Amino acid sequence: MFLGHFGVAFAAKRVAPRTSLGALTFAAQFLDELWPILLLLGVEQVRINPQMPGSLALDFVYYPYSHSLLLSIVWGILLGGAYYLLRRDTRGGLVIGLLVVSHWFLDLPMHVRDLPLWPGASSPKVGWGLWYDIATTFIIEFTIFAVGISVYVRATRARDRIGRWGLWAYVLVLAILYVMSNGSPPPSERALAWSALGIWLFALWAWWVDKHREYIGWIRIPAPSSAS
């Protein structure tokens, strides 16, 4: 999953209004932000099969430190705890931690059976394999993304042009990248890792946009009064 993680980060702003969208995005995408670093260091492994379409071209051989259920919980506790210590924001820390763990559960229906429950050869690997159905995958990704954006837009408003147009540019670029990622696979595993590091930039972009918006909660439109 790709867009869905960003959609959940958008929606989380409604629950944790004091927390920047940048921090929420960083947490929701943390496992995928960690993965290319471990890949470049040779700690985790992936193979590219150009004969397979879309995400199925990526054979995740070994990635227990970034994508096992147990380690995702550990990372969630560490990041949520670190956020709490820095900000003294209990709700923000809890949401950050939950977002980290949510990444694994959102990946579960999409991935083939390659997600480990814990590090080690004894761990079973799970995944429901919706990547085999590209149309369903697109519907789920864009639905979660759209719902998250809707929640965020209703809960915040732009202070200036950056807050308005910067947001929609961010949304458009993410959507385009997702569609493009389902085309030809990268030429090599190393190229894949370096391109995946670009996910870090979207956390910064989200932080920048969010600085130019303000939280307003839900906008409630009163029902028209009936004429007496």
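Begin by selecting F2, L58, S181, L192 and A196, which lie nearest the centre of the largest pocket among its 31 lining residues. Here a pocket is an open set of points on a 1 Å grid over the protein atoms alone, with protein on both sides within 12 Å along at least five of seven lines, and lining residues have an atom within 4 Å of a point. The space in this pocket amounts to about 810 Å³, a volume being that filled by probe spheres set on the points.

The model is predicted: local features need pLDDT of at least 70 and side-chain atom pairs pLDDT 80 or more, whereas totals for chains, interfaces and linings use all residues. Residues are numbered from 1 along each chain as its sequence is written, and side-chain values use heavy atoms, without hydrogens and water.

Next, colour helix 8 (161-181), the source of the largest share of the pocket lining, four residues. Strand 2 is among the elements that each supply at least two lining residues; helices (H or I, at least four residues) and strands (E, at least two) are DSSP runs.

Proceed to strand 2 (residues 58-62) and its antiparallel partner, strand 1, joined to it by three bridges. R47 stands opposite D59. In strand 1 (residues 45-48), V46 and I48 form the covered face, while Q45 and R47 form the uncovered one.

Finally, select Y62 in strand 2, which is partly exposed because its relative accessible area is 33% (partly exposed lies between buried, under 20%, and exposed, over 50%, with a 1.4 Å probe and protein chains only).

Key:
Pairing = 2+ DSSP bridges. 1 Å grid on protein atoms, 1.4 Å probe; cavity = no way out; pocket = protein on both sides within 12 Å on 5 of 7 lines; lining within 4 Å.
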